[in-house]
Amino acid sequence: MAKSIALVASSFFILLLAFPTVFATDFTVGDSSGWALKFDYTAWAKGKTFKVGDTLTFKYNPSFHQVNEVNKCNYDGCNLSNPTKNYKGGNTTITLFEEGCYYFLCPIDDHCSEGMKLEVIVAAYSSGSPSTPYSTTTPSRAPTKNGTVGVSSGVSQFHGTLVG
Ligand SMILES: [Cu+2]
């Protein structure tokens, strides 16, 4: 009996991890400045706590700017080739699906080297320490960067156990 209650409780917790959007925050990148030149996105991100399930909305003039999601190496070097993803159209919302670092830059002309680049560090959803979102004392129940697949397969495993 106690075991099944624990099972249900842990299943519920995993569902919370898998569907945290109820408590998600949407951040408009650059606030009223949007995604544009002459803005310090490092300063903008500093002091903000980004959690799994939160979203970033980039608002920009699609004639002048785009959004590339890139890896750290390409971010550091403003390398425009081989982005993970490319977004255009002027209004791009990206969901932060997992804990870890996200890197964005504008691939137009020299905009990246002129400062149109954003690094976001996403804390575990349940992290209660906003000042150290990437600390090593993250609760063990939090999903790891590579744990997202494990979480979703865990749901189906629990589901199978409960049904079967
Ligand atoms: Cu640009």
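Leaving aside its neighbours within four places in sequence, with which residues is Tyr 103 in contact?

## Tyr 103 and its surroundings

In this predicted model, Tyr 103 belongs to strand E7, which covers residues 100-105. Once its neighbours within four places in sequence are set aside, the residues in contact with Tyr 103 are Glu 69, Val 70, Asn 71, Lys 72, Tyr 75 and Glu 119. The C-alpha atom of Tyr 103 is also separated by 9.3 Å from that of Asp 76, although these two residues are 27 places apart along the chain.

Tyr 103 counts as partly exposed because 19 other C-beta atoms lie within 10 Å, whereas a buried residue needs 20 or more.

## Asn 74 in helix H3

Asn 74 lies in helix H3, made up of residues 72-77, and Asn 74 is partly exposed because 19 other C-beta atoms are found within 10 Å. Between the C-alpha atoms of Asn 74 and Leu 105 there is a distance of 9.3 Å in space, while in sequence these residues stand 31 apart.

## The largest nonpolar core

The largest nonpolar core contains 23 residues, and those with the most contacts inside this core are Trp 35, Leu 96, Leu 105, Val 120 and Val 122. Two or more residues are given to the core by each of strand E3 (55-59), strand E4 (67-70), E7 and strand E8 (117-123), with E8 supplying the largest share, 4 residues. As a general background, nonpolar side chains tend to be buried together in soluble globular proteins.

Apart from neighbours within four places in sequence, Leu 96 is in contact with Phe 50, Val 52, Gly 53, Asp 54, Thr 55, Leu 56, Tyr 102, Val 120 and Val 122.

## The protein as a whole

The protein has 4 helices and 8 strands, and, read along the sequence, these follow the pattern α-β-α-β-β-β-α-β-β-β-β-α. Of the 164 residues in the protein, 22% are buried.

The average pLDDT of the protein is 78, and 62% of the residues score at least 70. Over residues 127-164, however, pLDDT stays under 50, and for this stretch the model has 41 contacts beyond four places in sequence. Where pLDDT is low, the predicted coordinates should not be read in detail.

Methods: Residues are numbered from 1 along each chain as its sequence is written. This is a predicted model: local features need pLDDT of at least 70, side-chain atom pairs count only at pLDDT 80 or more; totals for chains, interfaces and linings use all residues. A residue is buried if 20 or more other C-beta atoms lie within 10 Å of its own, exposed if 12 or fewer, and partly exposed in between; C-beta atoms are placed from the backbone. Two residues are in contact if their C-beta atoms, placed from the backbone, lie within 7 Å. A nonpolar core is a set of buried Ala, Val, Leu, Ile, Met, Phe, Trp, Tyr and Cys residues joined through C-beta atoms within 7 Å. pLDDT is the predictor's confidence in each residue, from 0 to 100.
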